[in-house]
Amino acid sequence: LLLVALSATAMSAAGQGCGAYKVTVQNLCGHDLNLGIAAVADSKVLFPNGWLLPNGKHESFDVCAWTGSVSAQGAAVAKFHLGHDGGAYYEVSTDQANMPIRVSVTPHGNPLQGHCPTAGCNSGNHCFEHSVPGGNCHGVTEIKIIYYNP
């Protein structure tokens with residue numbers, strides 16, 4: 001009976017958005033990557049500044065909501081907000097041609113609602129939109145930041 005009560009409490013908390021969202025960072029650069037982070041608006045720190053993400057690996061961090069930026073030396077800064085309601089805003093420069101590392105930001109959800117394009121550039125130097133116009137992206141359960149080798 002206690003187990004059932006705890007499960008119901010956990011499902012209730014997940015329904016309120018806590019633990020239902022995540023931020024994922026992936027390294028496809030061909031070398032280990034030191035990442036920086038700047039959390040704002042009382043967002044918890046996902047990882048310590050200077051955190052090393054090994055090549056070919058990814059890490060996911062559960063959040064209730066998150067606002068701030070993730071950075072890596074030689075790459076454009078990825079700025080984003082993931083709200084308690086699944087609304088999202090994100091931006092990253094598409095002027096990455098002369099940078100040694102490319103970066104993209106992609107929202108995931110099922111289903112995404114509104115305008116939720118990938119922003120940034122991929123390893124083929126193909127660039128996408130700079131940001132979500134007006135923040136009109138909803139139904140987001142994950143923001144994925146991927147670092148690429150050009």
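Visitor: Leaving aside neighbours within four places in sequence, which residues is Ser69 in contact with?
Guide: In this predicted model, once the neighbours within four places in sequence are set aside, Ser69 is in contact with Gly36, Ile37, Ala38, Val77, Ala78 and Lys79.

Visitor: Where does Ser69 lie?
Guide: Ser69 belongs to strand β5, which covers residues 66-72.

Visitor: Is Ser69 buried or exposed, and why?
Guide: Ser69 counts as buried because its relative accessible area is 14%, and the cut-off for buried is under 20%.

Visitor: New topic. How many aromatic pairs are there in the whole structure?
Guide: A search of the whole structure finds 4 aromatic pairs. In one of them, the ring centres of Phe47 and Phe61 are 5.6 Å apart and the planes stand at 45°, so this pair is tilted.

Visitor: Which parts does that pair tie together?
Guide: Phe47 is in the loop between β2 (33-39) and β3 (51-53), while Phe61 is in strand β4 (residues 58-63), so the pair ties together parts that are 14 residues apart in sequence.

Visitor: Are Phe47 and Phe61 buried or exposed?
Guide: Phe47 and Phe61 are both buried. Ring pairs also link Phe47, Trp51 and Phe61 into a cluster.

Visitor: What else is Phe47 in contact with?
Guide: Apart from neighbours within four places in sequence, the contacts of Phe47 are Val25, Leu35, Gly36, Ile37, Phe61 and Val70. Phe47 is also among the residues with the most contacts inside the largest nonpolar core, which has 35 residues. Others in that group include Leu35, Tyr90 and Ile143.

Visitor: Now the sheet. In what order do the strands of the open sheet come?
Guide: The open sheet has 5 strands in the order β4-β1-β12-β8-β10, with mixed pairing. Its edge strands are β4 and β10, each of which pairs on one side only.

Visitor: How many bridges join β1 to β4?
Guide: Strand β1 (residues 21-28) is joined to β4 by 6 bridges, and the two run antiparallel. Within this pairing, Val23 stands opposite Phe61 of β4.

Visitor: And β8, which strands does it pair with?
Guide: β8 pairs with strand β12 (residues 142-148) in the antiparallel sense over 7 bridges, and His108 stands opposite Glu142 in β12. β8 is also joined to strand β10 (residues 119-120) by 2 bridges, again antiparallel. There, Val105 stands opposite Ala119 in β10.

Visitor: How many residues of β8 are buried?
Guide: Strand β8 (residues 102-108) is mostly covered, with 6 of its 7 residues buried.

Technical notes. Residues are numbered from 1 along each chain as its sequence is written. This is a predicted model: local features need pLDDT of at least 70, side-chain atom pairs count only at pLDDT 80 or more; totals for chains, interfaces and linings use all residues. Side-chain values use heavy atoms; hydrogens and water are left out. Buried means under 20% relative accessible area, exposed over 50%, partly exposed in between (1.4 Å probe, protein chains only). Helices (H or I, at least four residues) and strands (E, at least two) are DSSP runs, numbered from the N terminus. Two strands pair if DSSP finds at least two bridges between them. Rings of Phe, Tyr and Trp (its six-membered ring) pair if their centres lie within 6.5 Å; planes under 30 degrees apart count as stacked, over 60 as edge-to-face and the rest as tilted. Contact means heavy atoms within 4.5 Å. A nonpolar core is a set of buried Ala, Val, Leu, Ile, Met, Phe, Trp, Tyr and Cys residues joined through side-chain atoms within 4.5 Å.
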